[in-house]
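Subject: Handover of a structure

Dear colleague,

Please find below the structure that I am handing over to you. My findings follow it.

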Amino acid sequence: MLYLNQIFRELVSVWIDQALSSSRSLATDLETAHKWLHRIAECLRYGNGSDHKGDDTGTQTEKAPLTSFQVQREMEDLLQQFVTEEEQHPAQFALKNKLQRLWHKYAANLLYCYDIPGLPPDNLKMETMFSHLRRHQRRISGRKSTAELRDFGQYQVLFLAQSEKQLLEQIQQVPVTEYKAQRRRLALSEAPRQQKHRLHHDPVSAIQSLVHQHQEILSVLESQALSY
């Protein structure tokens with residue numbers, strides 16, 4: 001019986017050594033991929049609790065805050081350094097390939113959090129912030145619907161205030177000319193949706209308004225033709 005136990009232990013030891021030998025390269029590849037993932041997170045300043053107000057190395061100062069341009073440049077340098085082959089390092093290759101596709105496709109839309117103070121850097125924190133805005137909107141309106149956030153949520157994100165006085169101070173920091181320019185841009189972008197809403201809820205008035213606008217344009221064109 002002791003002899004059989006000894007043989008069994010030797011067989012198990014051989015099997016374990018074979019398993020470790022065959023998986024050692026994969027484990028090393030996975031460990032290196034994990035290190036690259038940490039480097040990516042450090043490049044994005046993700047998880048350091050700094051809210052992107054400065055570099056985690058302490059080299060950034062108040063005069064030179066972290067910007068989206070700096071993060072973009074560092075990430076592109078990191079991608080240039082991240083060289084691997086699929087046959088030898090499948091885990092690293094999969095990480096590099098996925099990161100490169102996402103970066104080239106979405107990088108321009110992923111970096112606003114470094115230029116807008118308080119803007120969350122990921123979807124989970126973004127959802128948490130908008131959940132807070134929805135609760136706040138329901139408390140203000142007394143209604144379950146939070147459709148107002150679809151139109152004005154971007155402004156509520158920028159102007160987070162605990163009092164009317166604090167909100168007024170934030171709004172007053174925006175130059176009047178810049179406000180008017182952005183307000184015109186907003187009106188132009190909202191016009192198609194508003195027109196569709198009017199056609200759906202009050203088609204007679206909407207059509208009459210379009211006919212009136214058409215008549216005014218014709219009058220202007222006729223007056224210009226007569227002046228020539």
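The notes below go from the overall fold to the core, an aromatic pair and a glutamate.

This is a predicted model, in which local features need pLDDT of at least 70 and side-chain atom pairs count only at pLDDT 80 or more, while totals for chains, interfaces and linings use all residues. Residues are numbered from 1 along each chain as its sequence is written, and side-chain values use heavy atoms, with hydrogens and water left out.

The protein chain has eight helices and zero strands; helices (H or I, at least four residues) and strands (E, at least two) are DSSP runs, numbered from the N terminus. Its order from the N terminus is therefore α-α-α-α-α-α-α-α. Of the 228 residues in the protein chain, 19% are buried (buried means under 20% relative accessible area, exposed over 50%, and partly exposed in between, with a 1.4 Å probe and protein chains only). The protein chain exposes about 18,200 Å², of which carbon and sulfur atoms supply 58%; accessible areas come from the Shrake-Rupley method with a 1.4 Å probe, and for residues only the protein chains shown count as cover.

The largest nonpolar core has 17 residues, and M75, L78, W103 and Y114 touch the most other members. Such a core is a set of buried Ala, Val, Leu, Ile, Met, Phe, Trp, Tyr and Cys residues joined through side-chain atoms within 4.5 Å. Two or more residues each come from α1, α2 and α3, with the largest share, four residues, from α2. Leaving aside residues up to four places away in sequence, M75 touches I40, C43, L44, L99 and W103 (contact means heavy atoms within 4.5 Å).

There is one aromatic pair in the structure. Rings of Phe, Tyr and Trp (its six-membered ring) pair if their centres lie within 6.5 Å; planes under 30 degrees apart count as stacked, over 60 as edge-to-face and the rest as tilted. The ring centres of W36 and F82 are 4.1 Å apart and their planes are at 5°, so this pair is stacked. Because W36 belongs to helix α1 (residues 2–43) and F82 to the loop between α2 (68–81) and α3 (90–110), the pair ties together parts that are 46 residues apart in sequence. W36 is buried at 12% relative accessible area, and F82 is also buried, at 1%.

Finally, E190 lies in helix α7 (residues 176–201) and is buried, with a relative accessible area of 19%.

With kind regards
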